[in-house]
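I opened the notebook on a new chain today. I wanted its fold, its core and its confidence on one page.

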Amino acid sequence: MDARSADDVVAKSLQRTHIIDPYVGYLHRRWNAGVRSAAQLYREIQELGYPVAS
């Protein structure tokens, strides 16, 4: 599934805002670079240390 904006990707984690905060800038940069896949962005921030959902 593709997101419509970087904010849509971030909005998925609003209840865990404190967890996503360190990655918001990265997500915006990647979105502006043309990455539109929410799944891809999620995988990328996992590689940067974002906790894997269980």
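My entries follow, from the whole chain down to single residues.

**Confidence.** I noted at the outset that this is a predicted model. I looked up the mean pLDDT of the chain and found 85. I also found that 83% of the residues reach 70 or more. I then went through the elements. Confidence is lowest in α1, at a mean of 74, and highest in α3, at 96.

**Fold.** I counted three helices and zero strands. The pattern along the sequence is α-α-α. Of the contacts with a separation of 6 or more, 43% are between residues 24 or more positions apart.

**Surface and burial.** The chain has 54 residues, and 26% of them count as buried.

**Core.** I listed the largest nonpolar core and got 12 residues. They are Ala3, Ala6, Val9, Val10, Ile20, Tyr23, Leu27, Trp31, Val35, Leu41, Ile45 and Tyr50. I asked where they come from: α1 (6-11), α2 (17-32) and α3 each supply at least two. The largest share, four residues, belongs to α2.

**Helix α3.** I went on to α3, residues 38-47. Which of its residues are buried? I found Leu41, Glu44 and Ile45. Seen down the helix axis, these buried residues fall within an arc of 95°, so they line one face of α3. After the helix comes Gly49, and I noted its positive phi, near 115°.

**Leu41.** I looked up what Leu41 touches, setting aside residues up to four places away in sequence. The list is Val9, Leu27, Arg30, Trp31 and Val35.

**Glu44.** How buried is Glu44? I read a relative accessible area of 8%; the cut-off for buried is under 20%, so Glu44 qualifies. What does its side chain pair with? I found a polar contact with the side chain of Arg30, at 2.7 Å. Leaving aside neighbours within four places in sequence, Glu44 is in contact with Tyr26, Arg30 and Val35. I compared this with my Leu41 entry: Arg30 and Val35 are on that list too.

How values were computed:
Residues numbered from 1 in each chain as written. Predicted model: local features only at pLDDT ≥ 70, side-chain atom pairs only at ≥ 80, totals over all residues. Heavy atoms only, no water. Buried < 20%, exposed > 50% of the residue type's maximum accessible area, 1.4 Å probe, protein only. Contact = heavy atoms within 4.5 Å. Arc of directions from axis to C-beta. Core = buried A, V, L, I, M, F, W, Y, C linked by side-chain atoms within 4.5 Å. pLDDT = per-residue confidence, 0-100. Polar contact = N/O pair within 3.5 Å; in protein donor to acceptor, adjacent residues only side chain to side chain.
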